[in-house]
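Biologist: Could you bring up the model, please? I'd like to go through it with you piece by piece.

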Amino acid sequence: MLKLSCNGLDRVHSLAQCGFAARPACVGPRRRRTRVGGFRSPDVRAFPVLAVVSNRDGAVASRVEAEAGTLADRLRLGSLTEDGLSYKEKFIVRSYEVGINKTATVETIANLLQEVGCNHAQSVGYSTDGFATTPTMRKLRLIWVTARMHIEIYKYPAWSDVVEIETWCQGEGRVGTRRDFILKDYATDQVIGRATSKWLMMNQDTRRLHKVSDDVREEVLVYCPREPRLAIPEEDSNCLKKIPKLEDPAQYSKVGLVPRRADLDMNQHVNNVAYIGWVLESMPQEIIDSHELQSITLDYRRECGQYDVVDSLTGVEMIQGGAETVPELKATNGSAITKEAKQQFLHLLRLSTDGLEINRGRTEWRKKAPR
């Protein structure tokens with residue numbers, strides 16, 4: 001994968017700053033574009049496209065451009081695609097984003113998906129308050145909330161690898177929208193992951209779900225592909241499969257989890273990425289040591305606040321076709337779990353006080369490659 005040294009990254013940022021108003025030239029004479037490590041430094045004279053209006057045939061009819069971009073716009077390595085119906089951005093994996101396997105964690109991947117989705121919304125002129133709301137939504141006090149997230153990771157990027165993520169949104173029935181993602185190794189153009197998510201509208205004051213009105217639909221669909229475009233083929237995929245409720249007592253559990261202040265989002269509720277960490281807290285250590293996460297699906301059922309206490313439950317889900325049972329691998333409740341190349345688990349997060357569900361989950365794990 002493409003890797004940049006610290007000096008190379010500094011040069012990218014330095015070159016990006018050249019030519020800013022009230023700043024001295026920092027690297028030689030001013031140039032229109034400069035290539036460093038495969039990147040083009042942002043051209044400060046090219047203002048970002050805020051909106052693309054397409055005709056019924058899907059062709060771009062006109063573009064709405066800002067008169068001047070923010071500093072973040074100029075430094076960000078992302079932009080709308082040529083047709084204006086998707087957005088691509090490149091990210092360098094930082095040292096603090098890798099885990100025990102020396103590769104990016106699934107939480108890192110989920111945070112990057114959230115970041116690129118928000119940047120896409122800003123690039124087409126949606127609000128910058130973190131909720132990606134349209135004018136009609138803001139008038140009615142409506143926000144988007146995650147209903148389901150499904151992530152598949154084929155190869156985890158390592159520290160200093162460069163990942164390019166493409167994202168786009170489209171309608172999903174009368175009650176929500178769908179956002180899909182494709183992750184690529186920027187150096188090789190190899191697809192290393194895919195994701196899809198479903199979003200519903202909720203009233204910010206009453207916390208009740210709200211149908212997507214025709215006005216909101218028109219505001220959103222102008223930036224969506226005209227034909228359905230799915231990042232993950234739905235046949236033989238877990239992305240749409242129902243997740244059954246995990247019954248108590250579960251084979252594995254971790255109780256008394258408490259949100260940190262850092263887990264709260266701009267809406268003063270636990271960020272949806274934090275739930276991934278809680279789900280993995282109750283995974284058996286034997287699987288963590290010998291396997292790596294291949295896919296995760298979460299159904300979000302209830303918001304979680306700062307003072308809630310959470311229990312994380314995990315149990316083996318038998319894969320169709322059966323698997324060998326290995327008695328020496330014991331769960332915390334004494335039952336045996338199976339041993340095979342791919343393992344599948346069910347998860348449940350619930351409030352400790354009254355047992356109400358926060359979310360349900362399913363994870364698939366593959367054997368780690370020999371080192």
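Biologist: Which residues of strand 14 are buried on one side, and which on the other?

Modeller: On one side V310, S312, T314 and V316 are buried, and on the other D311, L313 and G315 are buried, which leaves both faces of strand 14 covered. Buried here stands for under 20% relative accessible area, exposed for over 50%, and partly exposed for what falls in between, with a 1.4 Å probe and protein chains only. Strands are DSSP runs of E with at least two residues, helices are runs of H or I with at least four, and both are numbered from the N terminus.

Biologist: Why two sets of residues?

Modeller: In a regular strand the side chains alternate between the two faces of the sheet.

Biologist: Before we go on, what should I keep in mind about the model?

Modeller: This is a predicted model, in which local features need pLDDT of at least 70 and side-chain atom pairs count only at pLDDT 80 or more, while totals for chains, interfaces and linings use all residues. Residues are numbered from 1 along each chain as its sequence is written, and side-chain values use heavy atoms, with hydrogens and water left out.

Biologist: Back to strand 14, then: which strand does it join through 4 bridges?

Modeller: That is strand 12 (residues 252-257), which runs antiparallel to strand 14, and L257 has V310 as its bridge partner there. Strand 14 also pairs in the antiparallel sense with strand 17 (residues 342-351), over 7 bridges, where the partner of S312 is L349. Pairing requires that DSSP finds at least two bridges between the two strands.

Biologist: Changing topic, which residues touch the most other members of the largest nonpolar core?

Modeller: Within that core of 60 residues they are L113, I151, I165, Y275, W278 and W365. The core lies between domain 1 (71-240) and domain 2 (242-319 + 340-370), because both give residues to it. Another core, of 6 residues, lies apart from it and includes L246, A250, L346 and L348. A nonpolar core is a set of buried Ala, Val, Leu, Ile, Met, Phe, Trp, Tyr and Cys residues joined through side-chain atoms within 4.5 Å, and the domain bounds come from an automatic or database domain assignment.

Biologist: Last one: where is D83, and is it buried or partly exposed?

Modeller: D83 sits in the loop between strand 5 (78-80) and strand 6 (87-92), and it counts as partly exposed at 36% relative accessibility. Its side chain has a polar contact of 2.9 Å with the side chain of T81, and the side chain of D83 also reaches the backbone nitrogen of L85 at 2.9 Å.

Note on methods
A polar contact is a pair of N or O atoms within 3.5 Å; within protein, one must be able to donate a hydrogen and the other to accept it, and residues adjacent in sequence count only if both atoms are side-chain atoms.
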